[in-house]
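This report walks through a single protein chain. It starts with the overall build and then turns to rings, charges and selected residues.

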Amino acid sequence: MRVITTLLACLPLAAAAQNFHFAARLGIANYQGDLQAKSITFNQAKFLGSLGAMYDLSEHFTARTYFTLTSLKADDKKGTSVMKARNLNFQTKLWDIELGAQYNILSLNDSWWTPYIFAGIGLYHFNPYTHTAAGDKTYLQPLSTEGEGFEPGKKEYKLTQFNIPLGVGATYAISEDVRVGLELGYRKLFTDYLDDVSTTYADQGALLAAKGQTAVDLAYRGNEVGAGGYPAAKTNRGGANVKDGYYYMALTVTVRGFIDQYKRIAGLPAYNRDKKVGCPATRF
């Protein structure tokens, strides 16, 4: 009777726990924008790490959330001849919080693996910087290198913004409680200033008066490589028609650690792993 009472009391907890997974990602991320010659490349890629959680809503749908830390960088020196003459570069630390849904094409109740797609909404923070010719680390947003904030029609860009996470992946269930996989993700952004490069050069005199000599020096760096003096105002500096973005490739691990513990507490006769993927804590 005591065992039956314990089972009845723990069933709601077990039903929820068996659908909950701790999750982690480990991989590399790269930036897409005006300072990359190719749309997709892992040249200049940086380390990415994520921690999160998942909850299986059904056999095919999973709610998911991750907190991610990464860095992004790019340098005109690694681009085309036109980019090398411009001679700009940037780096940024970046954190990202995402909340989304994942659709598993196969059911892990019937198969040990499944491809999947995912989408959601995210919030991220970036802060692009570079180093001066003297080697001093300098953040770019306060310098308004394209006239943001003082030229008509150019607003200062926000360092914390929303994005849309999108991607595909595949996961394999090593056991009931552990899954591993590979994920390819992309972040659709609503800014073209992830790299501090977007539209046209600001007027040199106006930029000097508003933000000082450092802003002028970092708005155009072609003179450092002998490519000529500061361009005329309104000369194209970047391509504003396509927003910046970033993407990643990562190994994934999800762990469901409650099931065996529940079996032990409930006093179930078989305290070991089942052979199926399905709902192990309720199959007794």
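## Overall build

Of the 284 residues in the protein chain, 47% count as buried. The model is predicted. Its secondary structure comes to 5 helices and 10 strands.

Among contacts in the chain with a separation of 6 or more, 72% are between residues 24 or more positions apart. The chain exposes about 14000 Å². Carbon and sulfur atoms supply 64% of that area.

## Nonpolar core

The largest nonpolar core has 33 residues. Leu 72, Leu 194 and Tyr 230 have the most contacts inside it. Several elements each supply at least two residues of this core: β1 (20–32), β3, β4 (89–104), β5, α4 and β10.

Setting aside residues up to four places away in sequence, Tyr 230 touches Tyr 201, Ala 202, Gln 204, Leu 207, Val 216, Ala 219 and Tyr 220.

## Aromatic pairs

A pair of aromatic rings is described by the distance of the centres and the angle of the planes. The structure holds 13 aromatic pairs. One of them joins Tyr 157 and Tyr 193. Their ring centres are 4.7 Å apart and their planes lie at 5°, so this pair is stacked. The pair links distant parts of the chain, 36 residues apart. Tyr 157 is in the loop between β7 (137–139) and β8 (160–173). Tyr 193 is in the loop between β9 (178–189) and α3 (204–211). Both Tyr 157 and Tyr 193 are buried.

Tyr 201 and Tyr 230 form an edge-to-face pair. Here the centres are 5.8 Å apart, with 70° between the planes. Tyr 201 lies in the loop between β9 and α3, and Tyr 230 in the loop between α4 (213–219) and β10 (245–255), so the pair ties together parts that are 29 residues apart in sequence. Tyr 201 and Tyr 230 are both buried.

Ring pairs also build a cluster. Its members are Tyr 124, Phe 126, Tyr 157, Tyr 193 and Tyr 246.

## Charges over rings

Two cases follow. The charged end of Arg 64 sits over the ring of Phe 118, 3.9 Å from the ring centre. Lys 137 lies over the face of Tyr 129, at 4.3 Å from the centre of that ring.

## Two threonines in strands

Thr 114 lies in strand β5 (residues 113–126). Its relative accessibility is 0%, so Thr 114 counts as buried. A polar atom of the Thr 114 side chain lies 3.2 Å from the backbone nitrogen of Ile 105. Beyond its neighbours within four places in sequence, Thr 114 is in contact with Asn 104, Ile 105, Leu 106, Leu 108, Gly 169, Ala 170 and Thr 171.

Thr 70 is placed in strand β3 (residues 61–75). Thr 70 has a relative accessible area of 6% and is therefore buried. In this case the side chain's polar atom lies 2.9 Å from a backbone oxygen, that of Phe 47. Apart from neighbours within four places in sequence, Thr 70 is in contact with Ala 29, Lys 46, Phe 47, Leu 48, Thr 92, Lys 93 and Leu 94.

Asp 56 is in strand β2 (residues 46–56). Why does Asp 56 count as buried? Its relative accessible area is 11%, and buried means under 20%. A polar contact of 2.9 Å joins the side chains of Asp 56 and His 21.

Leaving out neighbours within four places in sequence, Asp 56 is in contact with Asn 19, His 21, Phe 61, Thr 62 and Arg 179. Asp 56 and Ala 101 are 45 residues apart in sequence, with their C-alpha atoms 9.8 Å apart in space.

## A loop residue

Ile 174 lies in the loop between β8 and β9. Which residues does Ile 174 touch, not counting those up to four places away in sequence? They are Trp 112, Arg 179 and Val 180. Ile 174 and Trp 113 are 61 residues apart along the chain, and 9.0 Å separates their C-alpha atoms.

Note on methods
Residues are numbered from 1 along each chain as its sequence is written. This is a predicted model: local features need pLDDT of at least 70, side-chain atom pairs count only at pLDDT 80 or more; totals for chains, interfaces and linings use all residues. Side-chain values use heavy atoms; hydrogens and water are left out. Rings of Phe, Tyr and Trp (its six-membered ring) pair if their centres lie within 6.5 Å; planes under 30 degrees apart count as stacked, over 60 as edge-to-face and the rest as tilted. Helices (H or I, at least four residues) and strands (E, at least two) are DSSP runs, numbered from the N terminus. Buried means under 20% relative accessible area, exposed over 50%, partly exposed in between (1.4 Å probe, protein chains only). A charge sits over a ring if NZ of Lys or CZ of Arg is within 6 Å of the ring centre and within 35 degrees of the ring normal. A polar contact is a pair of N or O atoms within 3.5 Å; within protein, one must be able to donate a hydrogen and the other to accept it, and residues adjacent in sequence count only if both atoms are side-chain atoms. Contact means heavy atoms within 4.5 Å. A nonpolar core is a set of buried Ala, Val, Leu, Ile, Met, Phe, Trp, Tyr and Cys residues joined through side-chain atoms within 4.5 Å. Accessible areas come from the Shrake-Rupley method with a 1.4 Å probe; for residues, only the protein chains shown count as cover.
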